[in-house]
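Please look over the sequence and the structure below before reading on. The briefing that follows takes up one topic at a time.

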Amino acid sequence: MITFLIFIAVLAVLVLSHEFGHFIIARGSGMKVYEFGFGFPPRILGIQWQKNSNGEKKWKLVWGKGKQMVSDGLESGLPLPSEAEEGTLYSLNLIPLGGFVQIKGENGEEVGPDSFSAQSFWKRAATLLGGVTMNVVLAFILLSVGLMLGLPQAIDNLPVGVNVKDKHLEITQVMSGKPAALAGIQPGDVVVNVGGMEKPSITEMQNYVNNFKDQDVEITVKRGNERITKKIHPFIYPDTGKGGLGVGLVEAGTVSYPWYKAIYYGFLTTGFYLKEIVLSFYYLIAGLFAGRGAGEALSGPVGIAVMTGQVAKLGFSYLLNFMAVLSLNLAILNILPIPALDGGRLLFLIVSKIKLQSVSQKYEQIAHGVGFAILMILVVVITVKDLGHFKGFFVDLWNRII
């Protein structure tokens, strides 16, 4: 339950920031926004202000599709006067896997000076890009705050003036089929003891394993709040003849920066993550066209929920870093020129600008509908994969419930 609540909280921050980007630019561009919703319909409830002919503004609750409750009278189902002016409806919807902003005329069905279709190319493009921009800004804010509070990172080549706490030796990679992997060692495990040495350095651990490569080596790691001890028999690297366990290591710690440096390095880290995520998407898409499957590269809502719970157990700073990476992934995914996503809508807008003639709304809506259907099928397929990949987690959860 805690994992689920943390996942919903993380998702709410990411989705609301994305939709707020669309919302604030649309409103700033003079467009009317009918609804700002978290989750997908059916609607549970919403809140909306209503201004009557006397200029008096009242807030009302909206239940389901339209049942209303005026805030000061608490009258249910009150009909709206025809001359009433209504503000944006802020709604909570049943399926908490996304969100939306409903803008007047966004699909060309309405006209008027406050409609999406009546705005200039640049205002419409800015509105479509608003969500992606806000996700990048959110990542920058999360990383900057995280660097002020302290984020886990490698402690080599750090700038002057930073504060380092909790220095430790962390396993960053576990080679498949090698002794460490066979013993159940996982990336993210922190080495706390090797052969009686407390908190060894990389060199100390490597030397110890090599010196005792002909016998079992006892290693203790910390995983979350759990300490795990394993006896592992090293293997011999054929190129060097040295003993090893088949792991990648880094000396890390919780590094905090003064606020001005945190902002600067938050900006640099955001750019670094963006570059790496773009490259990852490129290699993923290139691999799909080359006939290679996505393998473990993709995770859906279930996989992200499980990973969110796992990261949250490591600490708040880890969760901030994870949220920043998720936000940047959401930004890059949405800017791809895929129908139903922001990038797909932007593509149609650019084509219309080049042709000096709007693309037929009928064909654009068909494209977006097909794109959305394909995305939903992809979500289902990935969710099934995630359920198989994380079956141990769900079996353990079910056993604790019953």
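In this predicted model, the axes of α2 and helix α8 (residues 342-355) come within 9 Å of each other and cross at roughly 165°. Because angles over 145 degrees count as roughly antiparallel, α2 and α8 are described as roughly antiparallel to each other. The crossing in which α2 passes α8 is left-handed.

**Where the two helices meet**
- On the α2 side, the residues that meet α8 are Phe 121, Arg 124, Ala 125, Leu 128, Leu 129 and Val 132.
- On the α8 side, the residues that take part are Asp 342, Arg 345, Leu 346, Leu 349, Ile 350 and Lys 353.

- Ser 115 has its place in the loop between β5 (89-103) and α2 (121-149).
- Ser 115 counts as buried because its relative accessible area is 0%, and buried means under 20%.
- When its neighbours within four places in sequence are left aside, Ser 115 is in contact with Met 31, Lys 104, Gly 105 and Glu 110.

**Nonpolar cores**
- The largest nonpolar core has 23 residues, and Val 10 and Leu 142 are the ones that touch the most other members.
- The elements that give two or more residues to this core are α1 (2-28), α2, α5 (259-289) and α7 (316-335), and α7 gives the most, with eight residues.
- A second, separate core is made up of 18 residues, including Ile 185, Met 205, Ile 228 and Leu 245.

**Backbone details**
- The peptide bond that runs from Pro 41 to Pro 42 is cis, with omega near 15°, and Pro 42 is found in strand β1 (residues 33-51).
- Asp 166, which lies in strand β7 (residues 163-174), has a phi near 55°, a positive value in a residue other than glycine.
- Lys 199 is not a glycine, yet its phi is positive at about 45°; this residue is found in the loop between β9 (197-198) and α4 (202-211).
- Lys 199 counts as exposed because its relative accessibility is 62%, and exposed means over 50%.

**The chain as a whole**
- The secondary structure of the protein chain comes to 10 helices and 14 strands.
- The protein chain has 402 residues, of which 37% count as buried.
- Among contacts between residues at least 6 apart in sequence, 67% join residues that are at least 24 apart.

Technical notes. Residues numbered from 1 in each chain as written. Predicted model: local features only at pLDDT ≥ 70, side-chain atom pairs only at ≥ 80, totals over all residues. Heavy atoms only, no water. Helix = DSSP H or I, 4+ residues; strand = E, 2+ residues; numbered from the N terminus. Buried < 20%, exposed > 50% of the residue type's maximum accessible area, 1.4 Å probe, protein only. Contact = heavy atoms within 4.5 Å. Core = buried A, V, L, I, M, F, W, Y, C linked by side-chain atoms within 4.5 Å. Axes fitted to C-alpha atoms, helices over the stretch in contact; angles between N-to-C directions. Parallel < 35°, antiparallel > 145°, perpendicular 65-115°, else oblique. Left-handed = near helix turned anticlockwise from the far one by under 90°.
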